[in-house]
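Please open the model in your viewer and keep the sequence panel beside it, so that each selection can be followed in both places.

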Amino acid sequence: MDRPPGLVIVHVDGLSWARLRIALDQGHMPFVSRLIETEGYEALAYRCGVPSTTPFAQAGILFGDNSEIPSYRWWDKQANLLVSFGSGSTFGRVAQNYFAGRTPLTNGGACIAALYRAGATDRFGPSYEERHRPDEPDAGGRAIAAFLLNPVVLYFWIRHGGLALFRIASEYLRARFAGRRTANVYVIADIYHEVLVHHLTRFALLQAMDEGLPTIYACFYTYDEAAHAFGPTDPNTLRVLRHIDSTIRLAAERRRGNRAGLDYELVVLSDHGQVETTPFSTADGRTLGQFLFDWLPGYTVTEHRGKVFSRSGESPAGRVEVTYSGGLAHVYFADIAGRLDDEDLESRFPGLVSKVAALERVGIVMVKDREGGALVTADGRFSLRLPLAAQTAKLLEGFDAPDVLAWQLRRLNSFERAGDLVVFGAYDGNKQVNFEDQVGGHGSIGGDQLHPFLLAKKTWAFDTSHVTNSSELYPMLVALRDRSGSLSTSS
């Protein structure tokens with residue numbers, strides 16, 4: 001009888017299918033190339049959906065449900081709360097409103113460095129802090145302690161950490177001397193992730209395999225941070241993939257050689273891609289929040305990942321909360337309950353939508369209406385009503401396949417937690433206007449950010465050609481998990 005099987009999923013954050021192919025062609029991921037050449041793996045492209053952010057995509061993969069997750073951060077009017085992930089994550093305060101009745105992919109297994117608990121023993125939470133579960137007390141603390149007490153692991157960590165620190169610092173200096181833009185905050189984040197978090201996550205992954213946990217999902221964010229800092233096309237960003245390739249190799253070697261005696265199947269995937277960006281404020285130093293502040297007399301405007309604009313000595317007429325996530329911005333009138341539709345917006349704030357859409361650095365403004373949504377640009381108004389009008393299709397083809405993108409936008413526009421205005425940065429086919437200080441970005445529409453990858457064995461017969469939302473990967477992965485178990489039981 002075969003040993004009982006398990007499933008390991010390695011999540012490579014922010015790596016598009018197209019950049020993966022370039023990395024393979026240039027020799028940055030030799031072990032992944034070996035999986036393709038000798039073990040029957042293939043790199044499949046799929047569409048993650050809109051928004052092209054980790055919370056949205058990861059929820060789809062882990063729960064099969066990413067509804068009402070409109071971005072990386074958003075304003076919850078009902079809770080009067082900024083919902084965000086990462087350091088200072090607040091999602092836990094509204095988590096009870098999500099995933100009701102859903103069985104997580106990793107139920108009974110381990111979720112490592114993921115944004116969600118997903119019914120698993122999670123070694124590190126969304127801000128990479130230790131977290132606890134009653135059935136696995138101090139799992140994060142035990143993983144960290146074991147990491148620090150292992151001399152071999154410490155040696156390789158110190159060696160690689162020193163080399164990575166030197167490489168990142170050198171690339172930063174080269175970029176500055178060459179006049180290339182860098183996102184300084186993300187340079188620090190890149191160092192933090194590559195030097196510390198990646199090693200700790202890898203150790204926790206191998207530890208979970210040795211413990212024999214049946215389904216393990218481990219997230220590695222190093223590439224995404226490097227792409228934010230230097231851009232997805234920067235040579236340094238591609239070189240980071242050698243480190244990730246090494247981690248995939250170690251996980252693959254542990255498939256049959258772990259202490260628990262389990263056989264594991266290995267899946268590698270990403271959640272979204274990235275595109276090169278131009279900051280929104282490049283032209284004149286002004287942010288979207290500043291424009292809104294000028295156009296809305298008496299209102300206080302708060303940018304999340306930005307500034308606060310208010311008039312001293314005046315009682316505000318209302319509050320506007322603006323949440324930025326890469327090339328996507330949500331604008332909320334926080335004092336008005338529920339999501340405003342286009343008629344409400346025009347009645348209360350005449351001309352506002354048209355003013356935002358007329359900004360050269362804005363690509364599309366999406367608003368709610370009674371026909372599935374409307375897109376507003378400097379050239380006019382375009383309906384998302386199906387079947388798609390020729391003019392709407394022509395507008396959307398600059399971002400992706402029009403029919404697919406229209407369906408994705410209609411779904412996002414159906415979210416009650418989306419902004420009263422949903423603003424997409426302009427995209428010229430190469431670079432996108434970004435609302436944050438990033439060199440590479442995602443979260444919006446256009447280019448590689450919408451097209452991540454799934455590395456799977458051909459014998460599993462995965463077909464991702466029609467996948468338009470990451471949640472469609474969930475039944476495939478559940479079937480793989482359960483099929484392996486049934487095959488083992490019947491053998």
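Predicted model: local features only at pLDDT ≥ 70, side-chain atom pairs only at ≥ 80, totals over all residues.

Begin with the nonpolar cores. The largest has 109 residues, and those with the most contacts inside it are Tyr-116, Leu-205, Ile-216, Ile-248, Leu-409 and Phe-424. Colour helix α8 (residues 235–253) next, as this helix gives the core its largest share, seven residues. A second, separate core of 34 residues can then be picked out through some of its members, including Leu-292, Val-331, Val-367 and Ala-426. In soluble globular proteins, nonpolar side chains tend to be buried together.

Return to Ile-216 and display what surrounds it: leaving aside neighbours within four places in sequence, Ile-216 is in contact with Leu-7, Val-8, Ile-9, Ala-110, Ile-112, Leu-205, Ala-208, Met-209 and Tyr-264.

Now show the aromatic rings, among which the count comes to 23 pairs. Select Phe-85 and Tyr-116, whose ring centres are 5.6 Å apart and whose planes stand at 75°, so the pair is edge-to-face. Phe-85 is in the loop between β4 (81–83) and β5 (110–112), while Tyr-116 is in the loop between β5 and β6 (121–122), so their pairing ties together parts that are 31 residues apart in sequence. Phe-85 is buried, at 3% relative accessibility, and Tyr-116 is buried as well, at 3%. Extending the selection, ring pairs link Phe-63, Tyr-72, Trp-74, Phe-85, Phe-91, Tyr-98, Phe-99 and Tyr-116 into a cluster.

Two arginines are worth a separate view. Arg-102 lies over the face of Tyr-474, at 5.7 Å from the ring centre, and Arg-361 lies over the face of Phe-280, at 4.8 Å from the ring centre.

Is Val-50 buried or exposed? Its relative accessible area is 3%, so Val-50 counts as buried. Beyond residues up to four places away in sequence, Val-50 touches Phe-56, Leu-405, Gln-408, Leu-409, Leu-412, Phe-424, Ile-445 and Leu-450. A C-alpha to C-alpha distance drawn from Val-50 to Pro-70 reads 8.1 Å, for two residues that are 20 apart in sequence.

Finish at Thr-323, in strand β12 (residues 318–325). Thr-323 is buried, with a relative accessible area of 0%, and its side chain reaches the backbone oxygen of Arg-73 at 3.3 Å. Among the residues that Thr-323 touches, setting aside those up to four places away in sequence, are Arg-73, Trp-74, Trp-75, Leu-82 and His-304.

Terms used
Residues numbered from 1 in each chain as written. Heavy atoms only, no water. Helix = DSSP H or I, 4+ residues; strand = E, 2+ residues; numbered from the N terminus. Buried < 20%, exposed > 50% of the residue type's maximum accessible area, 1.4 Å probe, protein only. Polar contact = N/O pair within 3.5 Å; in protein donor to acceptor, adjacent residues only side chain to side chain. Contact = heavy atoms within 4.5 Å. Core = buried A, V, L, I, M, F, W, Y, C linked by side-chain atoms within 4.5 Å. Phe/Tyr/Trp six-rings, centres within 6.5 Å; stacked < 30°, edge-to-face > 60°. Lys NZ or Arg CZ within 6 Å of the ring centre and 35° of its normal.
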